[in-house]
Protein chains: 2
Amino acid sequence: MDENKKISSAVIRRLPRYYRYLGELLENNVTRISSKELSERMKVTASQIRQDLNNFGGFGQQGYGYNVESLYNEIAKILGIDKQHRMVIVGAGNFGSAVAKYDDFAKRGFVITSMFDKDPEKIGKTISGVKIRPMEELKDYIKMNDIDIAALMIPTEYAIDTAQILVDAGIKGIWNFAHTDLSVPEDVIVENVHLSESLMRLSYNLKNYGN
Amino acid sequence: MDENKKISSAVIRRLPRYYRYLGELLENNVTRISSKELSERMKVTASQIRQDLNNFGGFGQQGYGYNVESLYNEIAKILGIDKQHRMVIVGAGNFGSAVAKYDDFAKRGFVITSMFDKDPEKIGKTISGVKIRPMEELKDYIKMNDIDIAALMIPTEYAIDTAQILVDAGIKGIWNFAHTDLSVPEDVIVENVHLSESLMRLSYNLKNYGN
DNA sequence: ATAGACCTGATATATAATTAACACAGCTGA
DNA sequence: TCAGCTGTGTTAATTATATATCAGGTCTAT
């Protein structure tokens, strides 16, 4: 991989999907696959697959295709999911609790070590083995426990102030479920999950392309 | 709006964000705004805002800018959120319950009328006033109750079969939280929310652009 | 061994999306 | 009222993304 060349975000958007398909192939004991066959399954062009992968190196072989297992592992490395990430959930509400209970993330190496909430009723309780701590401890906890990622799952009105606490604590990435844009230093990565915007796009498409 | 011209999905992706910012301006009693000022708040180019809006018509006025309230309403119409959508939640697990309890969607006109689950323990219970019905009733319920949207929030292994039930029932749109691609007729709209892919992109960006 | 099919990585071309430029309509303030 | 701004909508230029093409390495079957 050429460290200097910036990879387009369009490519990054697609990588997890390649990873998912390769995982399924692996489960079905498929050992090799050509860009052409993968392109038919994924409904994209073979050219795009080859172009995308070649951003990171020549993983394939002429006349053979790609080895499923090694490509799967390579993509994991590229995505940085070949090692664990330590994550906290900020906000033990409905969505925060749902994420805590959903063990797929842990399987992918995103380990939830603690939750935080301001409600005294919730503090001290445990959800799926994850303890809920008071908001006041958030900053120190992140500093002391080598936390990479905070999932921000609190109401919009508190999101900006809480994000500032996360930044002050030295967080590396924020998985933002709040309906607002966060402004953080550029080496702090924000990944937005704006569910209501997703619903609005669905609504638009229903109106314009639906039956 | 030119009914013939297909609007690019890049534009549609941005519309809900414009809508959000305009809503905030409206709450702050701002009556007019120029593309330049909005561009500074949103960290995009003024050119892009004008181009995007002009896909749907000339809402602005030279020397004045855009009227916040009327632009807000226009975008709502474009997105099809000026009228209600009736939605069911398929899968009364953690995420399904979280969505049911989250009243922001209802406020935006996405009304949840029922939930469905296969677990006999859950059937008959109520979450936030929404009744949980057995899976067997899903198809008929959709047909009889004028349901537009189904939120698919069940484990991956059941998703494809259940999506087929939804399609057979004549569903118009599927809000898909399952980690799989659905293949449905092209007039059935699928909006994917793949949370684990979102986390992987965060991981990639942490690795490549983080501190 | 070798002919022929396969399939990549690279390069070239085509398409799409973003940004810049600007003519002029409509606003504002004296 | 009118001179000078302001700020749109439009067209042009630039940049990004996606697709097509193809030379040649590698596999496979005989």
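Entry 1: I looked up the salt bridges between chain A and chain B and found 8, taking a salt bridge as a side-chain nitrogen of Lys or Arg within 4 Å of a carboxyl oxygen of Asp or Glu. Over all chains, the same rule brings the count to 22. This is a predicted model, in which local features need pLDDT of at least 70 and side-chain atom pairs count only at pLDDT 80 or more, while totals for chains, interfaces and linings use all residues. Residues are numbered from 1 along each chain as its sequence is written, chains are lettered from A and ligands numbered from 1 in the order in which they are written, and side-chain values use heavy atoms, with hydrogens and water left out.

One salt bridge that I checked joins Asp181(B) to Arg17(A), at 2.9 Å from N to O. Another joins Glu191(A) and Arg201(B) at 3.7 Å, N to O. That pair crosses between chains, from strand S9 of chain A to helix H9 of chain B; helices (H or I, at least four residues) and strands (E, at least two) are DSSP runs numbered from the N terminus.

I then counted 23 residue pairs in polar contact between chain A and chain B, both residues at pLDDT 80 or more. A polar contact is a pair of N or O atoms within 3.5 Å; within protein, one must be able to donate a hydrogen and the other to accept it, and residues adjacent in sequence count only if both atoms are side-chain atoms.

**Entry 2: the contact as a whole.** Chain A and chain B each bring 62 residues to the contact, where contact means heavy atoms within 4.5 Å. The buried area is about 5900 Å², with 63% from carbon and sulfur atoms; this is the accessible area (1.4 Å probe) that the two parts lose on being put together, summed over both. In chain A, Leu199(A), Met200(A) and Tyr204(A) lose the most area to chain B, together 12% of what that side buries.

**Entry 3: Asp181(A).** Where does Asp181(A) sit? I found Asp181(A) in the loop between S8 and S9 of chain A. Its side chain makes a polar contact with the side chain of Arg17(B) at 2.9 Å, and a polar contact of 2.6 Å links the side chains of Asp181(A) and Tyr21(B). Leaving aside neighbours within four places in sequence, I listed the contacts of Asp181(A) as Ile160(A), His194(A), Arg17(B), Arg20(B) and Tyr21(B).
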